[in-house]
Amino acid sequence: MLVAGCGGRTGSETGGGDDRSGGGSSALSADFGDLTEVCQEGDASTASAQGVTAEQIEVGVFTDMGFTKNPEFVDAAKVFTSWCNDNGGINGRTLVANTRDAKLMEPRQRMIEACREDFALVGGGAALDALGVKERLNCLLPTFTAQTVQEGAAGADLEISASPAKIPGYDNYAGFREWVINEAYPESKSAIGAINGDSAVTKVVGAITQETFEALGATMVYNELYPAMGVSDWTPYAQAIKSKGVKGLVFMGSFDQLAKLEEVLTNMDYKLDWIDANNNAYNAQFIDLLGRSTEYQNNLVDLGGMAPLESDEPAVEQLKELYAKYAPDAQITLPAMRAWSSWLLFAKAAAACGDELTRACVYETARQETAWTGGGLHAPSDLQTPLPPKACFNVEKATPDGWEPADFNPDNGLYRCDLPPRKITQDFGAPLTLAEVGKSMSDVQ
């Protein structure tokens with residue numbers, strides 16, 4: 001139900017030069033999508049920073065795997081580091097990923113560990129990520145995050161989101177919201193409902209969602225919380241949705257709980273115009289759980305500018321090949337794709353820094369990218385000037401045959417980027433800065 005993915009270290013490492021799967025050491029191409037020689041042989045000779053020796057680079061991967069049992073970020077780290085190391089590493093340095101399992105409630109403890117050992121954080125995320133930002137900035141640790149969740153973390157100093165899922169001060173789903181009520185299903189505009197898991201994280205998302213819909217002229221007729229761990233009987237919620245005449249429903253929680261709610265609604269013969277299942281539901285398991293609701297209800301998800309897994313994009317096809325080689329039992333998820341883009345960005349920047357690999361160099365080099373696509377995995381991101389964002393979105397719908405693109409009028413390849421971003425008016429807090437911990441960029445070495 002929490003929006004962050006998961007992984008895990010307490011003294012463990014993934015992705016070292018000898019930790020490979022897939023039955024063989026022959027390397028696939030070092031190119032990825034439209035990026036060339038992501039990893040390469042070299043003659044690095046210096047221990048230029050914490051976590052960097054002439055032989056290897058240690059980075060941390062944040063996760064909540066100990067709580068959610070979801071290894072998507074750890075799997076992404078394993079696949080990337082195995083592939084990269086098979087192709088020579090970063091200028092000859094082996095890439096080692098240290099899993100930092102926050103287990104939901106321990107991001108600060110894991111950050112303290114990362115501050116002692118890691119050169120940077122790459123390709124991870126944690127639900128309560130703001131709890132570790134102060135420690136991260138105090139030790140001047142850059143992060144190439146897969147996703148951020150809380151306001152204190154998203155957009156904080158020394159943080160780079162290669163494919164931002166959360167843009168500080170903006171509703172990331174405003175384009176989708178506008179399309180769904182003003183273009184696709186205008187009759188639903190008078191009767192919007194929302195069900196939100198009762199947690200601090202998703203309550204903020206719920207408040208932002210309500211603000212956006214009301215700013216677009218929609219009427220919220222139903223807004224309810226449910227216990228974050230789920231409910232055994234969704235009948236009262238389904239009855240309330242029907243009695244309120246809800247036509248468009250936003251669900252913020254785990255997809256297995258949504259499937260149970262939809263089963264009750266379908267059995268009551270109550271069909272909504274649309275259901276925003278949230279993109280955590282973008283997987284095959286959700287469609288299997290829906291059963292006959294797959295056809296009866298209209299489930300939509302906004303992928304936020306990430307290429308669909310069922311697309312024929314070369315970068316997506318290559319990612320599938322790499323997972324098949326190095327982690328054949330792992331699932332490629334949307335957060336895993338974001339993690340992969342972060343790994344690519346880190347590797348490209350680190351390689352450009354050469355033998356004198358420092359935190360200042362890798363961070364500043366990465367920030368020079370003005371149209372980063374992760375080799376073709378997502379719509380372009382301007383990392384040099386991230387605000388105001390160019391908000392691109394793309395919508396998928398659930399069908400009995402799997403996920404398919406909805407008719408959302410894309411204007412930029414797979415994506416639609418013509419609707420303006422929407423700034424949030426409510427104050428949910430601000431990202432932490434170096435100045436707030438008594439530091440500045442001049443301290444970053």
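This is a short walk through one predicted chain, from its overall fold to a few single residues.

First, the ground rules. The model is predicted, so local features need pLDDT of at least 70, side-chain atom pairs count only at pLDDT 80 or more, and totals for chains, interfaces and linings use all residues. Residues are numbered from 1 along each chain as its sequence is written, and side-chain values use heavy atoms, with hydrogens and water left out.

Let's start with the whole chain. The secondary structure comes to 13 helices and 15 strands. Those are DSSP runs, numbered from the N terminus: helices are H or I with at least four residues, strands are E with at least two. The radius of gyration is 22 Å, which agrees with the value near 22 Å for a compact globule of 445 residues. That radius is taken over C-alpha atoms, and the globule rule is 2.2 Å times the number of residues to the power 0.38. Along the principal axes, the C-alpha atoms fill a box of roughly 70 × 50 × 40 Å.

Next, burial. Of the 445 residues, 58% are buried. Buried means under 20% relative accessible area, exposed means over 50%, and partly exposed is in between, with a 1.4 Å probe and protein chains only. The accessible surface is about 16900 Å², and carbon and sulfur atoms hold 48% of it. Areas come from the Shrake-Rupley method with a 1.4 Å probe; for residues, only the protein chains shown count as cover.

Contacts next. A contact means heavy atoms within 4.5 Å. Take contacts between residues at least 6 apart in sequence: 75% of them join residues at least 24 apart.

Now charges. The chain has 34 positive and 62 negative charges, and their mean positions are 5 Å apart. Lys and Arg count as positive, Asp and Glu as negative; His and the chain ends are not counted. Each charge is placed at NZ of Lys, CZ of Arg, CG of Asp or CD of Glu.

On to pairing. Side chains of opposite charge can pair when their charged atoms come close. How many salt bridges does the structure hold? There are 14. The cut-off is a side-chain nitrogen of Lys or Arg within 4 Å of a carboxyl oxygen of Asp or Glu.

Three of these pairs deserve a look. Asp355 and Arg93 meet at 3.2 Å, N to O. Asp355 lies in the loop between α12 (334–353) and α13 (359–366), and Arg93 in the loop between α2 (72–86) and β3 (94–101), so the pair ties together parts 262 residues apart in sequence. Arg93 is buried at 1% relative accessibility. Asp355 is partly exposed at 25%.

Arg100 sits in strand β3 and Glu117 in helix α3 (residues 107–117), 17 residues apart. Arg100 is buried at 1% relative accessibility, while Glu117 is partly exposed at 27%. Both belong to a network of salt bridges that links Arg100, Glu106, Arg110, Glu113, Glu117 and Asp118.

Glu369 is in the loop between α13 and β13 (395–399) and Lys348 is in helix α12, so parts 21 residues apart in sequence are tied together. Glu369 counts as buried at 17% relative accessibility. Lys348 is partly exposed at 38%.

Now a charge without a partner. Glu262, in helix α8 (residues 255–267), is buried yet has no salt bridge. The nearest side chain of opposite charge, Lys271, is 11 Å away. What does Glu262 touch, leaving aside neighbours within four places in sequence? Its contacts are Ile275, Phe286, Leu290, Ser293, Gln297 and Asn299.

Backbone next. Most residues other than glycine have a negative phi, and most peptide bonds are trans. Leu140 has a positive phi of about 60°. It lies in the loop between α4 (133–138) and β5 (143–145), buried at 13%. Leu158 also has a positive phi of about 60°. Its place is the loop between β5 and β6 (159–161), and its relative accessible area is 0%. The peptide bond from Leu387 to Pro388 is cis, with omega near -5°. Pro388 is in the loop between α13 and β13.

Last, Asp427. It lies in the segment after β15 and is exposed, at 70%. Asp427 and Gly169 are 258 residues apart in sequence, yet 8.5 Å apart in space, C-alpha to C-alpha.
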